[in-house]
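Colleague: I would like to learn how to read a structure, one feature at a time. Please show me the model, and then let me ask.

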Number of protein chains: 2
Amino acid sequence: MQMTFVIFLELLPAKNGEEPTMQFLLEVVEILTSYIRKTFDRSTKVLDFHHPHQLLEGIEGFNLELSDQPESLEQILVDCRDTLKYGVRTGHPRFFNQLSTGLDIVGLAGEWLTSTANTNMFTYEIAPVFVLMEQLTLKKMREIVGWPDGEGDGIFSPGGAISNMYSVMIARYKFFPEVKTKGMAAAPRLVLFTSEHSHYSIKKASAALGFGTENLILLNTDERGRVIPDDLEAKVIEAKRKGYVPLFVTATAGTTVYGAFDPINEIADICEKYNMWLHVDGAWGGGLLMSRKHRHKLNGVERANSVTWNPHKMMGVPLQCSAILVRERVSMCLFHFPGLLQGCNSMCAGYLFQPDKQYDVTYDTGDKAIQCGRHVDIFKFWLMWKAKGTVGFEQHIDKCLDLSAYLYNKIKNREGFKMVAPKIKAMMMESGTTMVGYQPQGDKVNFFRMVISNPAATRSDIDFLVEEIERLGHDL
Amino acid sequence: MQMTFVIFLELLPAKNGEEPTMQFLLEVVEILTSYIRKTFDRSTKVLDFHHPHQLLEGIEGFNLELSDQPESLEQILVDCRDTLKYGVRTGHPRFFNQLSTGLDIVGLAGEWLTSTANTNMFTYEIAPVFVLMEQLTLKKMREIVGWPDGEGDGIFSPGGAISNMYSVMIARYKFFPEVKTKGMAAAPRLVLFTSEHSHYSIKKASAALGFGTENLILLNTDERGRVIPDDLEAKVIEAKRKGYVPLFVTATAGTTVYGAFDPINEIADICEKYNMWLHVDGAWGGGLLMSRKHRHKLNGVERANSVTWNPHKMMGVPLQCSAILVRERVSMCLFHFPGLLQGCNSMCAGYLFQPDKQYDVTYDTGDKAIQCGRHVDIFKFWLMWKAKGTVGFEQHIDKCLDLSAYLYNKIKNREGFKMVAPKIKAMMMESGTTMVGYQPQGDKVNFFRMVISNPAATRSDIDFLVEEIERLGHDL
């Protein structure tokens with residue numbers, strides 16, 4: 001066994017992709033394809049739950065500890081199998097636990113290619129194809145948002161929280177560009193507004209960027225979880241009366257818990273009236289823009305200054321894939337390729353962004369980002385779009401919304417659906433048959449939060465879930 | 001063709017992983033393995049360069065535009081081939097252009113498994129194995145840094161720039177926790193210090209987090225690019241005299257351009273004397289900690305309060321893989337699992353981090369992060385560590401440093417090595433035979449920045465590079 005490794009170390013990476021290493025890779029592929037087949041098989045458990053201490057103790061010989069000496073490739077294959085065995089099948093048709101579910105095979109193939117290419121988004125030079133794909137796809141997304149000719153700016157970021165953080169940074173740079181050089185001391189007391197039901201990343205951004213969470217003002221919502229525009233206006237007036245400067249408003253398109261859509265048009269009216277930046281957090285609900293039938297839920301989104309939209313959520317793209325889209329692309333700085341994002345974040349590092357390169361360096365987008373190296377998140381999404389077409393994404397979204405209506409009708413008059421969620425959830429995880437999240441909200445006690453975005457889920461899976469909740473609840 | 005797709009759309013994701021989709025995936029694997037074999041073949045070009053407009057015009061039928069209607073799976077396979085064809089082979093033994101190079105097959109297999117598992121790091125619940133692997137690996141890295149029993153805190157983040165940003169945030173939270181709630185207005189004028197040669201992400205962080213780039217004070221370096229400790233102390237004293245509060249110092253372990261190592265021990269003395277946070281940016285040079293022979297370059301690193309270390313650079317782990325390590329893990333807040341990172345970033349979102357779950361929720365690490373969803377960056381690294389052992393990483397690092405000494409000796413007395421870098425670089429990209437970056441620094445004109453971290457590179461590749469530069473320069 002040890003010998004195998006020694007040869008491996010000598011050969012890897014091999015001059016011509018020598019057989020032992022390529023054979024190893026193909027064996028991993030066999031493990032993965034077998035895993036994928038089972039994931040779509042409803043008789044397979046969603047998870048085989050173990051407590052942390054059980055896994056740490058080395059269950060059935062699965063040793064998580066790292067060691068000084070190498071393991072054989074045979075053992076590495078066993079490690080791969082064990083890793084999958086004790087994990088959670090997020091692509092399983094009965095996994096409803098998170099906003100990111102499903103396992104699209106074209107998207108997966110795209111991700112495998114991405115990791116094989118193993119490159120970085122900062123310059124055209126080392127990622128020519130991916131940089132162009134990102135540019136074209138962002139333009140397409142901006143067209144779908146409704147901005148004329150898809151004009152504007154944007155970037156793919158490592159998740160919706162970072163995309164939301166970008167929106168706050170760009171708004172600040174737009175109104176108070178001197179903060180970039182002089183810090184928050186150069187600005188008056190700035191306040192931000194967001195729904196009491198909005199995602200916690202807005203709060204994280206206000207802490208991280210130096211605004212302070214107390215300067216993030218939470219807006220009241222109606223009985224369906226939507227921001228009440230009058231409450232926003234009242235709070236803006238109140239802030240101004242105190243001498244604060246209202247800077248930024250988030251409208252959430254698809255709240256994390258209720259899936260509520262804030263009334264964007266009414267909020268946009270108020271933002272225009274008081275000269276505030278409007279950000280639409282469509283991390284979850286942005287996918288509805290692909291559906292002619294359902295996009296009305298985001299009416300007014302084209303009036304936003306920026307939009308977060310995560311294809312890795314409702315559109316079923318593998319993790320991670322999140323875009324921040326910006327309407328404005330004006331010259332705010334003296335650098336060679338202007339735009340708000342660029343102006344906000346650029347530092348013109350000489351070792352990456354040489355203006356004397358032999359190609360058109362406006363394609364070197366790295367200096368827009370708060371990151372330096374940036375993972376290639378675009379390819380899997382581009383490839384899925386090619387394979388499905390815009391109409392394919394539309395069909396998927398429409399199907400999810402149909403299923404969601406089906407579930408609503410099924411349980412609305414059903415008796416006994418006010419139960420102790422944590423206990424049933426625990427039993428569900430032990431049995432491993434299905435998986436759904438729960439939580440409290442405001443004065444409401446724990447309830448299940450049902451997420452429907454998995455392309456593999458059907459009505460029979462909804463039926464199963466409801467029956468499973470009843471069955472487990474019955475034993476309490 | 002169109003029919004193929006229609007069937008595909010119906011079948012995908014298929015109940016039992018139906019054959020057409022799995023067959024497609026296996027065909028992609030064939031494309032990828034053939035690409036990998038060629039990558040290690042020195043007779044293959046590093047890149048086949050085209051200008052942006054050429055690719056956008058649809059060279060040889062490669063159409064980057066997205067459309068409404070789906071493409072056939074056959075066409076998707078062609079798209080995959082074209083994407084690789086017009087890309088850059090970052091794993092090629094003669095690619096020296098970036099700090100991230102190489103293509104480790106075990107790491108690649110790990111990344112393929114990661115995307116198949118398609119899960120998220122925020123909770124133990126949906127990533128039990130990966131969460132534990134992260135915990136164990138971070139502990140091991142802290143041990144290697146030299147903190148007793150590997151105690152402390154940390155997280156994997158989407159790249160070194162974000163890791164560095166974390167360090168500034170945590171330092172601010174440690175000394176001025178009220179900034180989290182009240183914003184930068186609650187703190188005095190805070191100043192940060194870093195080398196004039198440090199990575200631009202420190203500047204990006206000071207802009208983003210509300211300090212302002214003017215409050216980042218650049219330190220002079222000696223002839224080898226290392227911070228001069230006396231200059232730091234003089235600037236700290238000067239800042240205090242003006243009434244500013246010195247908060248944070250970065251020592252760079254491996255600068256981006258010269259690969260210089262700042263004298264950590266001397267800088268640590270000054271940090272202790274003036275009660276400042278010491279961050280070591282070892283994004284590039286952290287890998288040297290794996291080598292008993294070379295780790296002395298980071299002497300004093302154990303005195304740092306935080307360390308950035310990117311296994312995706314010198315250790316050859318596929319992108320992205322960056323860790324921020326924190327020495328202190330003390331109770332700074334009232335939440336159920338304390339620690340500086342947690343205190344700094346936690347918002348206690350009820351829908352994810354329910355304290356009434358049935359398992360030990362101290363493993364739900366998501367609330368530490370500025371992200372919500374977080375990509376699984378740990379598995380490929382863990383798997384490589386298993387396969388190589390600590391000793392394998394050590395061998396790799398030692399080999400890189402040997403090669404680097406070889407190059408140094410080879411060119412130090414060679415005539416004619418003061419040339420016009422951009423022109424040669426352009427010719428090099430056109431010919432596609434090798435790839436190395438260039439840049440100016442301070443008053444120095446453009447020069448080549450030679451990166452050695454690719455495990456596939458040998459002395460013959462160094463010889464080739466030097467000869468190629470001479471050959472291309474000769475034609476000027």
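Colleague: In which helix do B:Arg241 and B:Glu238 both lie, and how many residues apart are they?

Modeller: First, the ground rules. This is a predicted model, where local features need pLDDT of at least 70, side-chain atom pairs count only at pLDDT 80 or more, and totals for chains, interfaces and linings use all residues. Residues are numbered from 1 along each chain as its sequence is written, chains are lettered from A and ligands numbered from 1 in the order in which they are written, and side-chain values use heavy atoms, with hydrogens and water left out.
Now the general idea. An α-helix has 3.6 residues a turn, so residues three or four places apart point the same way. Here, B:Arg241 and B:Glu238 both lie in helix H10 (residues 229–241) of chain B. They are three residues apart, about one turn of the helix. Helices are DSSP runs of H or I with at least four residues, strands are runs of E with at least two, and both are numbered from the N terminus.

Colleague: What do the side chains of B:Arg241 and B:Glu238 meet in?

Modeller: They meet in a salt bridge, 3.0 Å from N to O. The term asks for a side-chain nitrogen of Lys or Arg within 4 Å of a carboxyl oxygen of Asp or Glu.

Colleague: Is B:Arg241 buried or exposed?

Modeller: Look at relative accessible area: buried is under 20%, exposed is over 50%, and partly exposed is in between (1.4 Å probe, protein chains only). B:Arg241 is exposed, because its value is 60%. B:Glu238 has 33%, so B:Glu238 counts as partly exposed.

Colleague: Which parts of chain B does the salt bridge of B:Lys380 and B:Glu111 link?

Modeller: The side chains of B:Lys380 and B:Glu111 come to 3.3 Å, N to O. This pair links distant parts of the chain: B:Lys380 is in helix H13 and B:Glu111 in helix H5, 269 residues apart. B:Lys380 counts as buried, at 0% relative accessibility. B:Glu111 is buried too, at 4%.

Colleague: Where do B:Glu394 and B:Arg292 lie?

Modeller: They form a salt bridge at 2.5 Å, N to O. B:Glu394 lies in helix H13 of chain B, and B:Arg292 in the loop between strand S6 (277–282) and strand S7 (306–309), 102 residues away. B:Glu394 is buried at 9%, while B:Arg292 is exposed at 68%. Elsewhere, salt bridges that share partners join A:Arg42, A:Arg94 and A:Asp461 into one network. Over all chains, the count is 52 salt bridges.

Colleague: How many salt bridges does the rule find across the interface of chain A and chain B?

Modeller: The rule finds eight. In one of them, B:Glu19 pairs with A:Arg37, the closest N and O atoms being 2.5 Å apart. Helix H2 (residues 19–39) of chain A gives the most to the side of chain A that touches chain B, with 13 residues. That side divides into 87 nonpolar, 43 polar and 28 charged residues. Nonpolar covers Ala, Val, Leu, Ile, Met, Phe, Trp, Tyr, Cys and Pro; charged covers Asp, Glu, Lys and Arg; the others, Gly among them, are polar.

Colleague: How many residues of chain A are in contact with chain B?

Modeller: Contact means heavy atoms within 4.5 Å. In this model, 158 residues of chain A are in contact with 158 residues of chain B. The buried area is about 13900 Å², and carbon and sulfur atoms give 65% of that. Buried area is the accessible area (1.4 Å probe) that two parts lose on being put together, summed over both.

Colleague: How many aromatic pairs does the structure hold?

Modeller: A pair of aromatic rings is described by the distance of the centres and the angle of the planes. Rings of Phe, Tyr and Trp (its six-membered ring) pair if their centres lie within 6.5 Å; planes under 30 degrees apart are stacked, over 60 edge-to-face, and the rest tilted. The structure holds 25 such pairs over all chains. One of them, B:Tyr124 with B:Tyr359, is tilted: 5.1 Å centre to centre, with 50 degrees between the planes. B:Tyr124 is buried at 1%, and B:Tyr359 is buried at 5%.
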